[in-house]
Amino acid sequence: MKRLIPEALLVALAGVAIAFIANAVSPRGLSLSRDYFFQNQAAATAVPAGTNSAHDPNPAVAHHNELAARLQSKGMSLADSNQVVTLFHDPRTEQGLVVFVDAREDAAYQAGHIPGAYQFYHYYPEKFAPVVMPVCQSAQQIVVYCNGGNCTDSEMAATMLQGWGIPGPKLMVYEGGITEWTNNRMPVELGERKSGQIRP
Amino acid sequence: MQLSRKNTVEILSVAVRWFLGALFVYMGMVKALHPEHFLKLVRDYHMVGSPYVLNAIAAALPWFEVFCGLLLLAGIAVRGTALMLILMLVPFTIAIFRRALEMAGSQLIPFCAVRFDCGCGAGEVLICRKLAENFFLLLFAILLLAGMGRRWCLRYSLFSAAALPEPASAPELDKTVAPATQSRH
């Protein structure tokens, strides 16, 4: 016991030090100071209790209401399937005035995204910002999506874009995400953006 | 016969040490290569309020697991590392159990039907299988803490004067040497 506790402490201290060094060195390391989920901002703009947002026995409806209320409090809006399909077919999409932003990681994006969508994985914004920001600044409408369901990456990505100066009214979060898009048998682009590989 | 049984136990306990070490290296690396995914999973437990503490856990824990796994594989500070594994496994298992209870209650499904990505590095798992796995991992770690797995270690204990384990046949050798030295005088 006399040797065990000091040994365990030494393992713990060395392990923690090495772990933080490894994170700092790793190209996929996390930033320790970044608020990835905008929790501090969420606390400041919390939807008051007692609103209609959360009080529904159906979890899916409650989630929808909560998301809509959060987005509204930030000046953004929620997009449903019909709105997204309408925007996809809008002539302004070809002109770059309506932009789709995919908030998922590389592998998911490459496996299939809304045709013409830009990738913006908000955990590594430096990688995507140089391409996405100019496009979003000149767009009239931006639809941000991820997997749908409980995926919050689209909301986080939209919040980050807003924090970088994109006006809230331009930003819409597609709640159903790529899952609903593919379930509705909408076209999906494989690989890179504008790869030409469309899965009908 | 007794030596053979003791050897077998020793070799099995080294296999346990290597298995635990390899498992923690693998699980740690899976998370370390996608720390943002692990960050989301840790957040889903709603146990940490501060985003900075959340970041620190998600950033450091995977690499810490890899570090502990490498120590076990190499046979360095085995008991101290085993204690660290136990101190990680116990709260993790409790947290997984509590989350599964919540999910079973909210989804109105049997407890053992609950399936989710617990953040262990193995993707989505059935909760009962995961709890059983963690039980055996804890058992293995306790065996190492109790002193098993000493063979083939680079440095079994960091603070012991005899850093290497004693050979199993040493007592028998001492008994055979003594009569030969006495007869010369």
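This is a predicted model: local features need pLDDT of at least 70, side-chain atom pairs count only at pLDDT 80 or more; totals for chains, interfaces and linings use all residues.
**Figure 1. The interface of chain A and chain B.** On one side are 36 residues of chain A, in contact with 35 residues of chain B. About 2900 Å² of area is buried between the two chains, and carbon and sulfur atoms give 68% of this area.

**Figure 2. The side of chain A that touches chain B.** Three helices of chain A, H1 (4-25), H2 (39-44) and H8 (153-163), each supply at least two residues of the side that touches chain B. H1(A) gives the largest share, with 16 residues. By class, this side of chain A has 21 nonpolar, 8 polar and 7 charged residues.

**Figure 3. A salt bridge between Lys40(B) and Asp153(A).** Lys40(B) belongs to chain B and Asp153(A) to chain A. In the salt bridge that they form, the closest N and O atoms are 2.7 Å apart.

**Figure 4. A salt bridge between Glu155(A) and Arg70(A).** Over all chains, the count comes to 12 salt bridges by the rule used. One pair in a salt bridge is Glu155(A) and Arg70(A), whose side chains meet at 2.8 Å, N to O. Glu155(A) lies in helix H8 of chain A and Arg70(A) in helix H3 (residues 59-73) of chain A, so this pair ties together parts that are 85 residues apart in sequence.

**Figure 5. The crossing of helices H3(B) and H4(B).** Helix H3 (residues 51-74) and helix H4 (residues 78-107) of chain B have axes that come within 9 Å and cross at roughly 140°. The crossing is left-handed. From H3(B), the contact is made by Leu61(B), Phe64(B), Glu65(B), Cys68(B), Leu71(B) and Leu72(B). From H4(B), Val78(B), Thr81(B), Met84(B), Leu85(B), Met88(B) and Phe92(B) take part. Sorted by class, the residues of this contact are 10 nonpolar, 1 polar and 1 charged.

**Figure 6. The surroundings of Glu124(B).** Strand S2 (residues 124-126) of chain B contains Glu124(B). Apart from neighbours within four places in sequence, Glu124(B) is in contact with Arg115(B), Phe116(B) and Asp117(B). Between Glu124(B) and Val114(B), the separation is 10 residues in sequence and 9.9 Å in space, C-alpha to C-alpha.

How values were computed. Residues are numbered from 1 along each chain as its sequence is written. Chains are lettered from A and ligands numbered from 1 in the order in which they are written. Side-chain values use heavy atoms; hydrogens and water are left out. Axes are lines fitted to C-alpha atoms, for helices over the stretch in contact, and angles run from 0 to 180 degrees between N-to-C directions. Helices (H or I, at least four residues) and strands (E, at least two) are DSSP runs, numbered from the N terminus. A crossing is left-handed if the near helix is turned anticlockwise from the far one by less than a right angle, and right-handed if clockwise. Contact means heavy atoms within 4.5 Å. Ala, Val, Leu, Ile, Met, Phe, Trp, Tyr, Cys and Pro count as nonpolar, Asp, Glu, Lys and Arg as charged, and the others, Gly among them, as polar. Buried area is the accessible area (1.4 Å probe) that two parts lose on being put together, summed over both. A salt bridge is a side-chain nitrogen of Lys or Arg within 4 Å of a carboxyl oxygen of Asp or Glu.
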